[in-house]
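Reader: I have not looked at this one before. Can you walk me through it?

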Amino acid sequence: MITAELLSEVKALIQEDRIVEGENDHLLGNNGLVKVYPQTEEEISAILKYANENGKKVFVEGNGTKRGFGGLSESADILLSLADYKGIVEHVVGDMTLTVKAGTNFKKLQDYLAEHKQKISLDPFHPEAATIGGIVSSNDSGPKRLGYGSSRDVVIGLRIVYPDGKVIRSGGRVVKNVAGYDMNKLFIGSMGTLGVFSEVTVKLRPLPKYESLILLFFPQGNMEEIKAFAQKLLDSTMEPVTLELLSPALSEGLTGQSCYTLAIGLEDVETSVQYQENFIKSIQPENTNMKILTLTDAQAFWNQFYSLHSLESESLITSASLKIGVVNMDVTQVMKESQLLGDSHHLEVQAHGGLGHGLCQVNLKGSKEDVVSAIQQMRETVAGLGGYVVIKHLPFALRQEVDTWGPKPAHFFLLEGIKSKVDPNKVLNPKRFVGGI
Amino acid sequence: MAVKGIKSKDRHILNLANIVGDARSIIYHKEDLIAYDCDGFTLHKHLPKAVVFPNNTDDVAALVKYCSDNQLPFLARGAGTGLSGGAIPLNGEVIISMVRMKKLLSVDFENRRAVVQPGFVNLKLTNSIADKGYYYAPDPSSQYCCTIGGNVAENAGGAHCLKYGVTTNHILGLEVVLPNGEIVEIGANGIPDAPGYDLLGLLTGSEGTLGIVTKITVRILKNPEAKKTVLAYFDKVEDGSQAVSDIISAGIVPAALEMMDKIAIEGVEAAAFPVGHPKDIEAFLLIEVDGIEAGLDEQINNIMEVCKKRNVREVRAAETEEERARWWANRKTGFGAMGAISPDYLVQDGVIPRSRLPEVLNNINNISQEYGLRIANIFHAGDGNLHPLVLFDARIPGQREAALEAGSACLQACADVGGTITGEHGVGVEKREEMRFVFTDEEIIAQTDIREVFNPFNLLNAGKLFPTPGRCVEIKRELKEKETAIS
Amino acid sequence: MSVTEIDLKRDPACTTGLSNYLAKDHPDENKWADCVHCGMCLESCPTYEITGQEQHSPRGRVHLIKSVAEGKLNVNEFFMDPIFACLDCRACTTACPADVEVGGLIEEARGQVRQAMPLTGLKGTVSKMFLQGLFPHHNRLNSLGGLLRFYQKSGMQKVVRKTKLINIMPQHLVDMEAIMPEVKEPVRKKYKNTDVIKAKGQTKNEVAMLTGCVMDVMFSDINEATINVLTRNGNDVTIPKNQTCCGALHVHAGDRDTGRKLAKQNIEAFKDSEKVIVNAAGCGCALKEYPELFRDDAEWYKKAEEFSAKIEDISKYLYDTGYEKPKAELNTRITYHDACHLAHGQGIRHEPRDLLLNIPGVEMVHMPNSDRCCGSAGIYNITNPEMASAVLESKMQNVPEDVEMISMGNPGCMLQMAMGVQKHGRNQKIVHTVQLLDWAYQKEDGKEVL
């Protein structure tokens, strides 16, 4: 059998106890006939080299939190898991830089850094399960992007194993670097289609000395009011790190109040945070309620927030998650539209979006026909706003019906050109990315 | 049909003139072209074939297509303030000057973005939105005159990028003319994370080798509520650089953390914007914090404490906006000010891990002694970005070569401690060979492979950014010969 | 290669083996050695703003001048174009971090061009007529003034304007004609037989006054106002007889020999004066720079240095020595334009503003880029009308609309700005700073002004 042959060949590359037979018919796809757990860069390199020279396909995963994110082939020959390729390579406390192996768990990293009063200023979803490599590879970010940016602002260096097995470094270990092309950017968000991350170097930030979270409830749900308030706050000199609008259903799950809610995060020294709280109180619109959570209460809120969307796969109810990018203030339009779609398609909808950065996440649950139809309708609406919809999570079968990435951009030939230069044999994560790359 | 006023028999000149449409939009006489034989990096010079001045994207596309169809090398140039020679026409390029495309196309305060043409001057953006309390964050020292298009090409930094990031962190969208003349739009509407590889990130800092930017959407920021600026004088360079490390590891994120050493201070004090720094100090730190006013005092106190622990002689905060502006003018004109104490200088741009500052400064001092050339240091200490300025006199035989070697040795010293060869000035012509200090042949090929996707015939700004693999020795010899021929 | 190129490579007079300059009065190497080509000057340069071309920028021009010295270029018409398109506004000197004296270099280079290629054609004729035939001769200027007075008073002006005769004049002359100030009797004529115009009240200082050539004919009222203000503040004023045109325009045009001749005459004429008061920024700047003309002549260099130390602009003189603050209210909204040769050339910015703000009732509206050249630049608006008008256009964009007067300290600017106001259909009055002060004094004395 192919598997037996493959298995024996792979055994020559990596210790036997690091190879398992792949599972079939996973609801989310992205399987491998064999699954390997390399522990060294050499092993990763050897596996890729083997695949490249023998016409094999390789899927890459960290801890599998993004298994439902793209991919049109049910299974590759090899599923390369980085779950056992983990650990800190170098942490220079005084330089505030950190180099880690790609499979390192994000939550554990943050806990470790917290001992040094430092953090990676990313707030991805499912931090307890996600790996740093997966987060960077899928360019995942949360509400705090407003204050701290995303992977492209945080990652300063990468070690990448190319599909032919050679190891390429991009960037470096310093916080400012323009030597050569900024190749880091090419790999961030490339969904593993160009290379396998071996090590990721990030710049760190100090943990805030104090933090609070203002929840501003809008029981009447008047979008114009919400928008006017957000603009007033953004046009002030206050420095919120989040300005996330939560849909009523989402807010109910998190706060117990079923109405549109703004989650305004403040992180700084205590005097500054309190000053900002006071300012926000002073411009609090009529007919709204406010609740302020501080320190651990605020952190608890966010922990719950990042893990709200279930990764459980069920066969009867279809669950989907959309990442939607629009111009900042159009976030309110997206929120309105998701509310309407929920009603018209009998879906359970939880949505949130950042009024300071324009990125929304909409989680849908319902029958598969309704989910597909709602996604399509959302795409039309968002296209009208000049934005895009990317499906972060959808069962494999439905990904054949509705494109994860939406229409190809006009400059697709450039993306294709890059892919074919780096991975001419289409070894890595084939059909996982835009336009079937 | 010939353009009125063009006196040339060269068909390419005539055809290029036709594209731009009038005699004022092309120059081709040697006397005019010589002003374009270098940029802010003057150790390498070459005459362009012509300089053309397009007014819009279609002009640019037509010019590029013409050059591409006729195999004429070409490159784009902004204000020509680059410090690594990225706009020098090494191959007798047709220079496409972007300075007439200098409009601010739109400002959208609600969504915090602005759209500019590439020739729009950096500081003018901030000046245009200042009345509403907004600004554009990247602030290279040349911001009075450098163009945002050039900033994109070089991924320009600046004093305040310690907290706010460099150009790439502020670019939301680009309209680009590819080397075949095709116009593409990347990051439409300035919305982040558009599906696909991050070409915005790749193009920013590609030193004009992948395409010519014709429209830029940038992020604009609200002015911080307050700023506080501190000046700290040190009797020992080591104390100053230790203070830098201490400030960073104390978890303070200053908006800017700048340092100048004794020779640099001598330069700025002899030039147009003196502050009256004491003559006998070894170094000063210029530290700025910004943000919510209520929180700044705590930060300033922390900074002062750190400085005191490191034996600061005097540390004080600016009392007026005027005083703050004076300190910054003194710092920002630092490079040019070297003209006042030396006929020529070579500025380097290494970056090191911040904690290695004392060690590397010591090494640079050794290099200075070894080559018998004074080296001034002006740097963005907060992010470890050093600017050693090698002072020399090109009229003295051998000094120019010695300066080049000393500069290169400084970069080696940075690379040796895990740093890099350029933090914000770019590789250009200047540091092509030094790319080998930080990248292997394979890594360089990985990058030139990407160039081939965009610029397959290498007509656009050829000879920049990369050494030719395996030919490093020959290139060095060729370089030397060229330089000797010029000087 | 152009036929006009002059190959001087093997000329024995060259200073170095390579230089393509003539030995006499060649551009000063030390001046360009400071330029590190950083580009900080670019945005300050009006001609770069308009053309976007670097040969029309300060560092580009310096680079060209240096290239001739290095033997890479010849002194020819293509070299001449950028060198002569410079407005000589000195804004680049202010912007330059290394204090490169671009203005001085340009003037020296122009001298080289004129030595190598004397002017011919219409430009030559016009230039010669103004520079050699007119400005140095105050009697001829007076006659011209008389003609102008006749032109204005006789109704000719009306006739010319009405009959559309004006339409056949070249555009820039039409523009100039429209704003010609009302010409009055020159002060040099008026005080021909007065040795000292005595101070009102007790004499505190004695000063001499440069009346200027065109100034005294076209703007004798400003000279009159200057005398009034000086005498009111305890100054005895003398008007030395042998004084002549300052030579600024000649030096700007590359005619350094005439410049030197005039300089010598002025140095002699004012040799007994302790202080020389100037109310025209362009003249003041030129007088202060006389030593530049005598770099090759030690004796005159020293004299020129002593002379230049005596020169003072009227606004700075009043500010430094103290003056009586006027008490009458003028009740007017004004804006202030920094003449290039006051702000960039002499570093005088706050003194005139201080004088103006000390007049009760004067409200000052900020003019953005107030130290941007207006395009007058001596006779630049006559020799390079197109560029001058583009520069003016850019200037006018910054002149606030809601003011009654625009104040400044240079007659050339006054003509040019008047043209701008006229072209834009505005109705602002163009005034000299010292005039406003004089009016305030007069009003205080019960006279009707404005």
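**A walk through the model**

Author: Start with chain C, which has 25 helices and 9 strands. Keep in mind that this is a predicted model.

Reader: What share of chain C is buried?

Author: Buried residues account for 60% of the 450 residues in chain C. Among its contacts between residues at least 6 apart in sequence, 77% join residues at least 24 apart.

Reader: What are the confidence scores like?

Author: Chain C has a mean pLDDT of 87, and 85% of its residues reach 70 or more. The model as a whole scores ipTM 0.96 and pTM 0.93.

Reader: Where in chain C does pLDDT stay under 50?

Author: Over residues 1-16 of chain C. The model gives that stretch 26 contacts beyond four places in sequence. Where pLDDT is low, the predicted coordinates should not be read in detail.

Reader: Which chains touch?

Author: There are 2 pairs of chains that touch, and the pair with the most contacts is A and B. Chain A and chain C have no contact; their closest C-alpha atoms lie 20 Å apart.

Reader: How many residues are involved between B and A?

Author: 85 residues of chain B are in contact with 72 residues of chain A. The two chains bury about 6,500 Å² between them, with 58% of that on carbon and sulfur atoms. On the chain B side, B:Asp193, B:Tyr197 and B:Ile292 lose the most area to chain A, together 14% of what that side buries.

Reader: How many salt bridges cross that interface?

Author: The rule finds 8 salt bridges across the interface of chain B and chain A. One of them joins B:Glu452 to A:Lys421, with the closest N and O atoms 2.7 Å apart.

Reader: Staying in chain B, which residues of helix H9 are buried?

Author: Helix H9 of chain B covers residues 262-270, and its buried residues are B:Ile263, B:Ala264, B:Ile265, B:Gly267, B:Val268 and B:Glu269.

Reader: What covers them?

Author: Among the elements of chain B that cover the buried residues of H9(B) are strand E13 (256-261), strand E14 (283-291) and helix H11 (321-332). Helix H12 (334-337), strand E17 (375-379) and strand E18 (388-392) are also included.

Reader: What about C:Asn76, where does that lie?

Author: C:Asn76 lies in the loop between helix H3 (58-69) and helix H4 (77-85) of chain C. Its relative accessible area is 0%, so C:Asn76 counts as buried. A polar atom of the C:Asn76 side chain lies 2.9 Å from the backbone nitrogen of C:Phe79.

Reader: And C:Val207? Which element is that in?

Author: C:Val207 is in strand E2 (residues 205-209) of chain C. C:Val207 is buried, with a relative accessible area of 3%. Beyond residues up to four places away in sequence, C:Val207 touches several residues, among them C:Leu230, C:Asp236, C:Ile277 and C:Tyr317.

Reader: How far apart are C:Val207 and C:Asp236?

Author: They are 29 residues apart in sequence and 6.1 Å apart in space, C-alpha to C-alpha.

Reader: Last one, A:Thr97. Where is its place?

Author: A:Thr97 is in strand E6 (residues 97-101) of chain A. A:Thr97 counts as buried, at 6% relative accessibility. Leaving aside neighbours within four places in sequence, the contacts of A:Thr97 include A:Glu90, A:Ile156, A:Arg173 and A:Leu204. A:Thr97 and A:Asn30 are 67 residues apart in sequence and 33 Å apart in space, C-alpha to C-alpha.

Note on methods
Residues numbered from 1 in each chain as written. Chains lettered and ligands numbered in written order. Predicted model: local features only at pLDDT ≥ 70, side-chain atom pairs only at ≥ 80, totals over all residues. Heavy atoms only, no water. pLDDT = per-residue confidence, 0-100. Contact = heavy atoms within 4.5 Å. Buried area = accessible area lost by both parts, 1.4 Å probe. Salt bridge = Lys/Arg side-chain N within 4 Å of Asp/Glu carboxyl O. Helix = DSSP H or I, 4+ residues; strand = E, 2+ residues; numbered from the N terminus. Buried < 20%, exposed > 50% of the residue type's maximum accessible area, 1.4 Å probe, protein only. Polar contact = N/O pair within 3.5 Å; in protein donor to acceptor, adjacent residues only side chain to side chain.
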